[in-house]
Amino acid sequence: MQGGRLLTVFVCLVSTVALVNAGDPYFYYTWNVTYGTVAPLGIPQQVILINGQFPGPNLNSTSNNNVVINVFNNLDEPFLLTWSGLQHRKNSWQDGVTGTSCPIPAGTNYTYHFQPKDQIGSYFYYPSTALHRFAGGFGGLRVNSRLLIPVPYADPEDDYTVLINDWYTKSHTALKTFLDSGRTLGSPDGVLINGKSGKVGGQNKPLFTMKPGKTYKYRICNVGFKSTLNFRIQGHKMKLVEMEGSHVLQNDYDSLDVHVGQCFAVLVTADQEAKSYYMVASTRFLKKEVSTVGVMSYEGSSVQPSNELPKAPVGWAWSLNQFRSFRWNLTASAARPNPQGSYHYGKINITRTIKLANTKNLVDGKVRFGFNGVSHVDTETPLKLAEYFEMSEKVFKYNVIKDEPAAKITKLTIEPNVLNITFRTFVEIVFENHEKSMQSFHLDGYSFFSVGSEPGTWTPEKRNNYNLLDAVSRHTVQVFPKSWSAILLTFDNAGMWNIRSENWERRYLGQQMYVSVLSPEKSLRDEYNIPLNTNLCGIVKGLPLPTPYTI
């Protein structure tokens, strides 16, 4: 028996080494997660710090680098980090959500090891457990192009991360109590730029400095909880160059609507009078606008910014039109030398259509959210572990929702929501929003083509309006009120992957699900073995590892 266990460990070690290319460099980090007290809106409150920082440290990487992060959980409750936008090819074990991983127990540590394989772009990380995201623990994550891959613009003078988010002054535990009791959170108390809230005319220290005549890259990510945020810079145009890992056609914008979970990279040239200027982030589509400012200053200047701020756009039709202006740069190379446009997604036959309709209802007198009448609930045993140990039937059922939701959904069922999707099939997913609020949805493990978004109800005839040539490949899509959005993708990344609302209140109350993409070969060519340092919990705790995959 002991000899068999040693053989299993040996094969797993070999397959773990095979996980990465030996020629790709390794970068090691130690992150200490603690509580701390800061006052982002002027009121001292408990937040989550990483290495004493709020927001957390910026994680700077390059395509195919091996990133090894030893996370020490010094909180008083279990904790996980997820890496929003990283695809973790063949490696959903590192995704850091409760459907794939046991949370890191308080007072212990866990080491993540992942590669941004064949990826470039602007992303962020954040806590995926409970409502920890409401307390911080988030930070920027950038993946630079390798030197041998051409980038469709000149190297900027510097590269800045801009994290914008709505914010509540109540603690994450108080907010969790509200939701658990059936109450909603209401509108946010404020907006932050890189963890700070500025005031017009106040003594605001510059967040960024620019040299006159130079061009800078700003990576703007909405790391918030529920609010679309409009971002603009006083007196300056923003040239959009990249969006969630895709180079885009380079149009100039006065302002950008950044929906929850989305990231844009823009170039800003210091071509105005040498003084300071306000950056503005303000909520959209709420009854009352909430905003903040941060200062961008020209080097050597002490002239304060003007108190006259650029105005935000009005209405969501403006935002829809801006979305339609985003186009994939077909001639640019992304992480690989071949042009992005060499992948002709519009010519691939759709093998399956899945419609996911927003669902909101009361269950035992408390508000719950879901997809197609099912409100997801996390399980003590992560779904991926149950599946890997061939114990799925003891934890969840596959396909509890249908691809076509009922015309009228009158009730919500609370249970794990897992769809089985055949490996390497080309699938159409339509998100339907029957509510009057803005929605934003994310898919882990993939980039998809956001081919259409329109008011009304989706029908097959709407495919005639799809952008089948140069839709942007990305990981998060917004759905406007009483509207739909359609995405296309090939499910070629084996694993267990989370589809979720980026409205964290809705996600916590069940508007999420998982897709299980299994390779029939059970081969290392398609999916990596479970890492040897994986925490085991629930019904698989203490069990020997299954026979590992081989080539």
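Strands here are DSSP runs of E with at least two residues, and helices are H or I runs of at least four, both numbered from the N terminus. The model is a predicted one, so local features need pLDDT of at least 70 and side-chain atom pairs count only at pLDDT 80 or more, while totals for chains, interfaces and linings use all residues. Residues are numbered from 1 along each chain as its sequence is written, and side-chain values use heavy atoms, with hydrogens and water left out.

On confidence, pLDDT is the predictor's own score for each residue, from 0 to 100. The protein chain averages 94, and 96% of the residues score at least 70.

Next comes arginine 463, which sits in the loop between strand 28 (448–455) and strand 29 (473–474). Its relative accessible area is 31%, so arginine 463 counts as partly exposed; buried means under 20%, exposed over 50% and partly exposed in between, using a 1.4 Å probe and protein chains only. Beyond four places in sequence, arginine 463 touches Ile350, Thr353, Glu428 and Trp458, where contact means heavy atoms within 4.5 Å. With glutamate 428, the arginine 463 side chain makes a side-chain polar contact of 2.7 Å. Such a contact is a pair of N or O atoms within 3.5 Å; within protein, one must be able to donate a hydrogen and the other to accept it, and residues adjacent in sequence count only if both atoms are side-chain atoms.

Histidine 132 is also a loop residue, between strand 7 (121–127) and strand 8 (139–144). Histidine 132 is buried, with a relative accessible area of 0%. Its side chain makes a polar contact of 2.8 Å with that of threonine 129. Outside four places in sequence, the contacts of histidine 132 are Ile48, Glu77, Pro78, Phe79, Pro127 and His172.

Now for the cores, each a set of buried Ala, Val, Leu, Ile, Met, Phe, Trp, Tyr and Cys residues joined through side-chain atoms within 4.5 Å. The largest has 36 residues, and Ile164, Tyr218, Ile220, Phe231 and Phe326 touch the most other members. Another core, apart from that one, has 26 residues, including Ile429, Val477, Met513 and Val515.

Finally, there is an open sheet of four strands in the order 2-1-4-6, with mixed pairing; strands pair if DSSP finds at least two bridges between them. Strand 2 (45–50) and strand 6 (109–114) are at the edges with a single partner strand each, so one side of each has no neighbour in the sheet. Strand 1 (residues 26–38) runs antiparallel to strand 2, joined by six bridges.
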